[in-house]
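User: Hi! Could you walk me through this fold in plain words?
Analyst: Happy to, let's look at it together.
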Amino acid sequence: MKILAIPFIVALSLAGCSTIPETSSDLGRGLAQSKNRNINPHPNYLLCRGDDTTELEAVLKSALNAKGILLYFHGGLSGDSYMREDLGPDIMASLFTEKNLNGLHPVFINYEVSPFQSENLLNILKNSAFAKLKSIVKQRLNEESNKNQSNVTKFSENRSAEQSAALSILIYQGLDKGIEFSNSVRSEEDYEVFLTKVLTDEETLKEVAENIIQDSALRASTNQFEILASQQNTEDLQPLLNKGSLTLSGAKAIARTLARFALTLNHEIVPTITEEVLRELSLLGVIGVEDALQTHWRTVKRHSEECWGPKTNGNALINALLEKKKKDSHFTISVMSHSAGSLVIGKLLESISQFDRVNREHAIDNAVLVVPAISAEWFQQTFMRHESIIKKLRVYPLTDEYEKNDFLIPYLYPASLLYGVSGIGEPKGFGDKPLMIQRHLGMKRYPYRTWLYRKVFEDIRDIWAYVESNPEIFKYYPFDESQNEGATHRLTKLPWCSKTLAKQTMSVLTGLSENQIEVVDRKTKCD
């Protein structure tokens with residue numbers, strides 16, 4: 001029996017990191033559900049997957065008589081009713097005012113994605129055994145750093161003290177069967193090969209895990225893992241308890257944690273331990289992390305594709321807008337997304353790329369991506385591949401300092417949503433899937449620049465080159481410490497909480513100066 005549907009884990013699936021095939025029956029079933037919904041037509045809202053012509057007509061009637069259109073794509077946790085009844089009206093009153101729009105007609109494009117609901121994961125994160133496990137691992141890293149300073153120093157190239165201590169533990173505690181590093185200091189490349197095998201080769205991982213159990217402090221942490229797992233599903237896990245398999249599973253989670261630290265693929269101490277423990281619990285079937293992730297991601301990806309599929313409102317909308325633009329060269333099309341909404345814009349670019357060259361060149365005048373929750377791989381496949389479609393593109397990730405300090409669940413997961421996505425939301429990411437965040441956009445070069453990382457994991461050098469050659473595109477928020485209001489993933493979608501960012505994005509979309517744009521406060525609190 002699996003415990004499914006965890007809000008934190010489901011949130012991690014929103015980055016658009018994998019390519020997961022879906023069947024035509026999946027597409028048809030999802031589209032049919034959208035078509036059968038009863039909706040009151042509104043000129044500012046459109047279910048892109050539906051085929052309700054009255055809703056489309058209401059949108060086009062206003063849009064085609066305006067100077068242009070502004071399409072807003074919500075994040076992956078914002079459902080249709082939330083957009084129509086809460087966030088949409090607040091954005092209209094705060095930022096999308098007549099004065100600020102400069103003649104553009106705003107339309108919220110809804111693709112019907114909302115999270116599962118459950119408290120199961122929160123209970124795991126609050127579990128006392130989990131707290132003890134984290135404490136033991138943290139203390140072991142600190143002890144190694146202080147006790148074996150000479151050993152740790154040997155590994156300090158490209159590594160912090162904690163990362164060097166992790167490598168020291170893996171090497172000098174006899175945890176590297178088959179690779180006798182203890183006798184002499186080997187090359188950095190040797191270390192990287194070994195650590196990569198811990199993350200990618202099951203036999204190496206098992207060998208290291210078996211030796212971790214021999215370390216008294218780390219053995220204590222695996223005992224806590226056994227307690228944590230058994231409390232979730234005692235009946236189904238009894239056979240594993242009797243065989244001692246849960247202890248080995250806990251050791252694997254610790255081994256991957258240490259290997260990620262040593263390779264500098266970690267996301268600070270607590271988030272990394274959390275990611276690897278949850279990964280192992282998922283592999284055991286204690287919690288349905290991967291099931292929830294894959295199911296929700298298939299939904300996000302399928303709905304993004306269905307937005308622009310044949311006979312949908314989204315397809316009819318973009319055709320009508322491009323036809324208007326062909327007849328009226330002054331008519332503009334601007335798009336804006338928050339978080340996973342950037343995935344839907346990427347799918348829009350793929351759709352427009354099928355048009356003839358004349359119609360697709362600069363089909364979109366302005367595009368703004370706020371804290372895009374997409375992988376670097378997906379950005380290359382869409383925004384970079386079809387860059388001629390967009391005349392002006394601006395991307396606003398958080399600075400890495402604010403990304404790390406944007407706690408998704410304070411004390412329990414002290415890192416941002418996108419760090420969580422990178423850490424566990426992508427099963428092929430080995431704990432640090434490159435996303436469109438500052439950490440992966442060139443700020444941090446090691447280990448991503450190494451030949452081994454590029455061969456085994458992913459080559460992101462093209463992204464770095466793109467960022468370096470287009471510095472005007474990427475603007476990290478906050479722009480400076482004196483203007484850091486609303487510098488979190490959640491608050492960047494609320495204009496009244498991040499006014500500096502809202503004014504700049506609106507300036508890009510409308511052509512007004514930032515001084516001309518006024519952001520009106522709303523009742524929703526900025527905390």
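This is a predicted model: local features need pLDDT of at least 70, side-chain atom pairs count only at pLDDT 80 or more; totals for chains, interfaces and linings use all residues.

User: In what order do the six strands of the open sheet come?
Analyst: The order is 1-3-2-4-5-6, with parallel pairing. Strands are DSSP runs of E, at least two residues, and helices are runs of H or I, at least four residues, numbered from the N terminus. Two strands pair if DSSP finds at least two bridges between them.

User: Which are the edge strands?
Analyst: Strand 1 and strand 6 (390-396), since each pairs on one side only. From one strand to the next, the twist averages 20°; axes are lines fitted to C-alpha atoms, for helices over the stretch in contact, and angles run from 0 to 180 degrees between N-to-C directions.

User: Is strand 5 buried or exposed?
Analyst: Seven of its seven residues are buried, so strand 5 is largely enclosed by the rest of the structure. Buried means under 20% relative accessible area, exposed over 50%, and partly exposed in between (1.4 Å probe, protein chains only).

User: New topic: which residues of helix 3 are buried?
Analyst: In helix 3 (residues 53-63), they are Glu55, Leu56, Val59, Leu60 and Ala63. They cover an arc of only 125° around the axis, which puts them on the same side of helix 3; the arc is that of the directions from the helix axis to the C-beta atoms.

User: And what is exposed on the other side?
Analyst: Glu57 and Lys61 are exposed there.

User: What covers the buried residues of helix 3?
Analyst: The cover includes strand 1 (45-47), strand 2 (68-73), helix 4 (80-94), strand 3 (104-110) and helix 17 (313-327). Contact means heavy atoms within 4.5 Å. Helix 3 lies across strand 1, strand 2 and strand 3, at about 140° to strand 1.

User: Which strands does helix 17 touch?
Analyst: Helix 17 packs on the sheet, touching strand 1, strand 2, strand 3, strand 4 (332-338) and strand 5 (364-370). Its direction makes about 145° with that of strand 4.

Definitions and conventions. Residues are numbered from 1 along each chain as its sequence is written. Side-chain values use heavy atoms; hydrogens and water are left out.
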